[in-house]
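Here is a short briefing on one protein chain. Keep the sequence and the 3D view open as you read.

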Amino acid sequence: MLYTLTLNPSVDMNITTNALMVDATTKTREAVFTPSGKGLNVSFVLKAFGVPSTVLGFFGGFSGEHIVRSCHEADIPCKPVTIEGTTRVNVFLTDAEHEYKMVNEGPCITDEDQEAMLSLIQELDDMDVLTVNGSAGRNVSLSFYERLLSIANRKGADVILDISSPVLRDLLRFSPLLIKPNDEELQAIFGMRLTDEASAVSALRTLHDMGAQNVLLSMGKDGSYFYDGRHVYRCGVRQVKQRSSLCAGDGYLAAFLAHWLSDRSHIETALRYAAATGADVAASDGIGSLSHVEEYQREIDVKIIR
């Protein structure tokens with residue numbers, strides 16, 4: 001079983017307005033409320049590709065209850081750790097020209113909450129893959145991550161890390177199966193500034209040497225790179241009119257995993273579907289219907305560059 005762990009989930013409210021007013025009432029429309037958080041998004045997109053997964057996370061308050069209920073309604077198993085705080089609510093507002101992202105820091109995850117999650121994972125007897133996604137949430141420590149990956153390693157589970165925390169650097173010594181940084185995270189966490197293709201290739205090789213078995217490097221509108229220790233792949237993009245960047249990277253990762261985990265020789269196919277899914281999600285509120293993925297993936301160029 002593939003488990004997705006979201007340490008700092010959210011309910012995301014996407015709204016639209018003609019113009020954002022200052023010191024006046026801004027009228028909005030088209031409110032869409034989406035259970036979110038990177039691991040949750042991965043599970044919802046995996047479901048669309050027919051790949052089963054189980055959601056793990058810290059959930060609290062009315063918003064946490066909404067997420068757990070939404071998982072059950074979507075027929076996605078969820079094993080929550082219930083906390084005293086309230087799961088965060090984020091607001092994403094789009095006007096005629098811009099997207100405004102108002103992201104809450106989220107509730108405090110106590111030491112007791114962290115112990116409860118580790119105990120839950122320790123008891124899982126069917127965990128083949130564990131993805132750890134998103135921001136850490138307040139009070140989550142490096143030792144939590146280290147113990148988490150130690151448990152996964154003892155179980156023989158493959159670990160996939162898509163986290164924006166500086167702890168990512170320390171966790172590479174656990175040899176995760178895959179990491180998925182973007183260019184901004186590379187600079188913030190590893191001090192690697194990407195200026196051209198050569199610098200991207202160098203960064204991929206450095207991350208592999210540090211312990212990552214495979215690296216999926218997202219460059220947003222500039223495409224992505226993948227390195228498996230043998231070849232470097234360059235993947236293009238399908239340009240769309242962006243509705244919201246929210247969830248696009250998570251959709252990208254989920255589509256890649258859906259086509260790669262079962263057969264790791266299917267790298268080019270996985271990259272095409274990943275780029276197509278990311279584009280489809282970017283043109284939608286939340287995850288959207290994913291109705292254009294098949295069309296888009298035929299337009300994505302993937303090639304080996306090293």
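## A buried alanine, the overall fold and its salt bridges

Ala-255 is buried, because its relative accessible area is 0% and the cut-off for buried is under 20%. The model is predicted.

**Around Ala-255**
- Ala-255 sits in helix H8, which covers residues 248–260.
- Beyond its neighbours within four places in sequence, Ala-255 contacts Val-45, Phe-49, Ala-270, Tyr-273, Ala-274 and Thr-277.
- Gly-39 is 216 residues away from Ala-255 along the chain, yet their C-alpha atoms are separated by 13 Å.

**Overall fold**
- The protein has 10 helices and 14 strands.
- Its radius of gyration is 19 Å, close to the 19 Å that the globule rule gives for 306 residues, so the protein is as compact as a globular protein of that length.
- The C-alpha trace spans about 55 × 45 × 35 Å along its principal axes.
- Of the 306 residues, 54% are buried.
- Take the contacts between residues at least 6 apart in sequence: 67% of them join residues at least 24 apart.

**Surface and charge**
- The accessible surface is about 13500 Å², and carbon and sulfur atoms account for 46% of it.
- There are 28 positive and 40 negative side chains.
- The centres of these two sets lie 4 Å apart.

**Salt bridges**
- Side chains of opposite charge can pair when their charged atoms come close.
- The structure holds 12 salt bridges.
- One of them joins Glu-115 and Arg-147, at 2.6 Å from N to O. Glu-115 lies in helix H3 (residues 111–123) and Arg-147 in helix H4 (residues 142–155), so the pair ties together parts 32 residues apart in sequence.
- Glu-115 is partly exposed at 36% relative accessibility, and Arg-147 is partly exposed at 38%.
- Arg-264 bridges to Asp-158, with the closest N and O atoms 3.0 Å apart. Arg-264 is in the loop between H8 and helix H9 (267–282), Asp-158 is in strand E9 (residues 158–162), and the two are 106 residues apart.
- Arg-264 is partly exposed, with a relative accessible area of 38%. Asp-158 is partly exposed too, at 24%.
- Glu-295 and Arg-238 form a salt bridge at 3.8 Å, N to O. Glu-295 is in helix H10 (residues 293–297), while Arg-238 is in the loop between strand E13 (232–235) and H8, 57 residues apart.

Technical notes. Residues are numbered from 1 along each chain as its sequence is written. This is a predicted model: local features need pLDDT of at least 70, side-chain atom pairs count only at pLDDT 80 or more; totals for chains, interfaces and linings use all residues. Side-chain values use heavy atoms; hydrogens and water are left out. Helices (H or I, at least four residues) and strands (E, at least two) are DSSP runs, numbered from the N terminus. Buried means under 20% relative accessible area, exposed over 50%, partly exposed in between (1.4 Å probe, protein chains only). Contact means heavy atoms within 4.5 Å. The radius of gyration is taken over C-alpha atoms; the globule rule is 2.2 Å times the number of residues to the power 0.38. Accessible areas come from the Shrake-Rupley method with a 1.4 Å probe; for residues, only the protein chains shown count as cover. Lys and Arg count as positive and Asp and Glu as negative; His and the chain ends are not counted. The place of a charge is taken as NZ of Lys, CZ of Arg, CG of Asp or CD of Glu. A salt bridge is a side-chain nitrogen of Lys or Arg within 4 Å of a carboxyl oxygen of Asp or Glu.
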